[in-house]
Amino acid sequence: MRYSIMKLLYIHGYGTTGQAYKAQLLQSMFPSYELLAPTVDYAAQTPFQIFQKLRDIITQQQPALIMGSSLGGYYALCCAGLFGGPIWCINPVRDIVGTLCFLEQHIPPEDKTIKQLFPLRMEEYQVFDRTVFQQITAQGKLYFALSTDDETLGDHRPLLNLFPNYEQVVWKDDCGHRFLRFEELKESIAASLD
């Protein structure tokens, strides 16, 4: 009899990679699972290309769980219509255009990579948000890990109004946008895999 290894899909946020600290922590928290953590080039790829890449991974690899952080959380939510399993969103972006405008105003002028993203991708994200994100019909179970002190995205309560049928919300203080107490989610994540 052949046993397949269960897989977890992790979608990193902007400005990091598939080798990000949260991806490494997730792998160490669940060593019996294979971690799928592709590096997404948010600046070079359109939102539709990124979504297609994630769709292909989900179809081909059939993960047991999807997790996304920040912009990766936005894309994890977009995958809700494709995936029937648990989806964990860590401080996900809810208002992509508003978040891009906020970041554009607060990014140091020397950070040319992210500065180039805004004029190039703003219209694409407006179309993607309207045709994909705002049309989400979640088949799977949505779980949220949210910081009460998210300095980048602010109050997450409007997000919960968009997805009132969520399974669980884990609120944490003193985490910031990066959700610095990520390891404390292990029991909740494990329970969602059962």
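**Entry 1: the cores.** I started with the largest nonpolar core of this predicted model, and it has 40 residues. I noted the residues with the most contacts inside this core: Ile-66, Tyr-74, Tyr-75, Leu-77, Tyr-125 and Phe-144. Next I looked up which elements give it two or more residues, and I found E1, H2 (47-61), H3 (71-78), E4, H4 (96-106), H5 (112-131), E5 (141-147) and H6 (157-162). H3 supplies the largest share, six residues. I also came across a second, separate core of 23 residues, with Met-29, Tyr-33, Tyr-143 and Leu-185 among them. As a reminder to myself, nonpolar side chains tend to be buried together in soluble globular proteins.

**Entry 2: Tyr-75.** I then asked what Tyr-75 touches, leaving aside neighbours within four places in sequence. My list reads Ile-11, Tyr-42, Pro-47, Ile-50, Phe-51, Leu-54, Tyr-125 and Phe-128.

**Entry 3: strand E3.** Is E3 covered or open? I counted five of its five residues as buried. Leu-65, Met-67 and Ser-69 lie on one side and Ile-66 and Gly-68 on the other, so I can say that both faces are covered. For its partners, I found four bridges to E1, running parallel, and four bridges to E4, also parallel.

**Entry 4: helix H1.** In H1 (residues 21-29) I picked out the buried residues: Lys-22, Ala-23, Leu-25, Leu-26 and Met-29. They sit on the same side of H1, because they cover an arc of only 160° around the axis. I recalled that an α-helix has 3.6 residues a turn, so residues three or four places apart point the same way. What do the buried residues of H1 pack against? I got strands E1 (7-11), E2 (34-36), E3 (65-69) and E4 (86-90), plus helix H7 (186-193).

**Entry 5: two positive phi values.** Most residues other than glycine have a negative phi, and I wrote down two exceptions. Gln-62 has a phi of about 45° and lies in the loop between H2 and E3. Phe-179 has a phi of about 50° and lies in the loop between E6 (168-172) and H7. Which is buried and which is exposed? Gln-62 is exposed, at 61% relative accessible area, whereas Phe-179 is buried, at 1%.

Notes:
Residues are numbered from 1 along each chain as its sequence is written. This is a predicted model: local features need pLDDT of at least 70, side-chain atom pairs count only at pLDDT 80 or more; totals for chains, interfaces and linings use all residues. Side-chain values use heavy atoms; hydrogens and water are left out. Buried means under 20% relative accessible area, exposed over 50%, partly exposed in between (1.4 Å probe, protein chains only). The arc is that of the directions from the helix axis to the C-beta atoms. Contact means heavy atoms within 4.5 Å. A nonpolar core is a set of buried Ala, Val, Leu, Ile, Met, Phe, Trp, Tyr and Cys residues joined through side-chain atoms within 4.5 Å. Two strands pair if DSSP finds at least two bridges between them.
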